[in-house]
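Open your viewer and get your selection tool ready. We will walk through a few stops together.

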Amino acid sequence: MTKPPSDFPDFGLTSEQRRFADRGHFYEKIGMDGARGEIWCYSDRFSYRQGDTVLLQVSSTARHFAIEIVRDGGTETKVFERSGIAAFWQNTPDQCSVEGCGWKTVFEFKIEQSWPSGGYRLKLTAEGRDGQPIVCYHILIVLPERGQKPGRVLQVAATGTWLAYNTWGGSNHYDGITGPAGDQYSPVVSTQRPWGRGFVCLPPDAPRVPLEVRVPRMTVPRFPHKEWAYATGHSKKYASAGWASYDSHFFRFAERAGYAVDLASQHDLHFSPEILLDYDCVVFAGHDEYWTWEMRDAVDTFVEQGGGVARFAANFMWQTRLEDEGRQQVCYKYRARAEDPVYRSGDITRATISWEAPEIGRPGAQTFGLNATDGIYSGWGGFAPRGVRGFPIYRPEHWAFAGTGLFYGDLLGAESHIYGYEVDGLDYEIRGGLPYPSATSAAPDGLEILALGMATLVGECADFAPEDAILSDQDGRFVAELLCGDASSDNVDKVKRGSGMIVNFTRGKGEVFHASSCEWVAGLLRSDQAVERVTCNVFNRYLSRG
């Protein structure tokens, strides 16, 4: 692999535009393309079974559009095509991010029995007012048939995180146009709206979050992925969540490697948890941050009864609730203790705050062995931008590393930059040159730490002014208050240094392997043989459990 360039890429933005791209709030909305015209769509649900009818809600400046549906797997397979479908412009509420768009159904189609489980990419094309094509993309999931499936893997798409980051309509769980001044993130987001541009489909040169430039010393942090998004009209959060940046890469790799893979959404875990019990191996990939209590119950039951969970994902942070039959996701996050109504009347254990909040009583490590508050950022902005890029290996003799040739102290995946942009960790101690969970870590009994790297909650450097960090110390202050009672500088100092780990443990009759990095998929995307070998080792072990 060639050495990364030493300069930030130039996407043709002025310094003022770059600053806005890095710090400002920009988003997709109805009418944004003005005179050119546009087309948008969403569907009534995330996932469908064979024989189900999909209701497609479309708003377009054009009177007709064409649709193409492709199964986005190890090979792309076109399964449906239609042209000349009538369309019209539909009014949209200002707070559609929260309430949903409320559009009428424009087109219906049936999931055929011949469509295998997987992710299906919809491309809608119409003619713009200038005679050039206008396009939008959508993704839907076809669920597997019911029944035992020995030898098959179930991948669960991180739809809770997709929802949390979707910028379409102006508000998500990070930025927004809600609140008294119209400038707050929304604790409630709707499924009934299109996906932000880049969540479903991306060009291969779209930047990922971790920096692929050699950042010279004394360089003020920049965010190339945000600059690219602003310059090209994509969602500000395209690189943080979605089918295109994460889940699709894992699904394609697994099929190309010869595994039989089915797909479900996190919403299916919530409403139909028994879906897991048909499999010996269930996998989670990419950025997987938002979970309901019921989703965790589904995974815990699966493992206790003998299932193998492979989590090549990170940032296990927030509890959510689903309302309106799953059409709305609720997460108050930083404002939960002040605003979440369950604190006034309800079950406080279901508060939409970090899993590590004492009142929840269910630390994240109980399910996946690790948690976000002991981990988090690496490899971008001011968060170890010149860091290790891969996982430092401590226990190379472990079965997961068989056939990799790794030694103690080697880096797994450094060439393909699999470490970042968020990782999960634990409080730990070093004894005899090996890491062990500390007595207060809440780690499951018998958990082994196989690899361990550095991470941080606060992107700081003594040589820069705080405003140059771009991201504030909000997460450090939040975790300090969460765990220590207040966000004093001493408490922030106690919590700001984290770690990223690969861990393995058994529970009940089952087993969990957790490689805690959002960017594990980058190793698969970039054909890193050692990363591929570890992935296959885990699959092979768990598929043989049955």
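**Stop one: a glutamine and its neighbours**

Select Gln90 and show its surroundings: leaving out residues up to four places away in sequence, Gln90 touches Val58, Ser59, Trp103, Lys104 and Val106 (contact means heavy atoms within 4.5 Å). This is a predicted model, in which local features need pLDDT of at least 70, side-chain atom pairs count only at pLDDT 80 or more, and totals for chains, interfaces and linings use all residues. Residues are numbered from 1 along each chain as its sequence is written, and side-chain values use heavy atoms, with hydrogens and water left out.

Gln90 counts as buried at 7% relative accessibility (buried is under 20% relative accessible area, exposed over 50%, partly exposed in between, with a 1.4 Å probe and protein chains only). Its side chain reaches the backbone oxygen of Val58 at 2.7 Å and the backbone nitrogen of Lys104 at 2.7 Å.

**Stop two: salt bridges**

The structure holds 36 salt bridges, each a side-chain nitrogen of Lys or Arg within 4 Å of a carboxyl oxygen of Asp or Glu. Next, select Lys149 and Asp278, whose side chains meet in one of them (3.6 Å, N to O). Lys149 is buried at 11%, and Asp278 is buried at 15%.

Now pick Glu304 and Arg507, paired by a salt bridge at 3.5 Å, N to O. Glu304 is partly exposed at 39% relative accessibility, whereas Arg507 is buried at 15%.

Finish with Asp424 and Arg311, which form a salt bridge at 3.2 Å, N to O. Both Asp424 and Arg311 are buried.

Key: A polar contact is a pair of N or O atoms within 3.5 Å; within protein, one must be able to donate a hydrogen and the other to accept it, and residues adjacent in sequence count only if both atoms are side-chain atoms.
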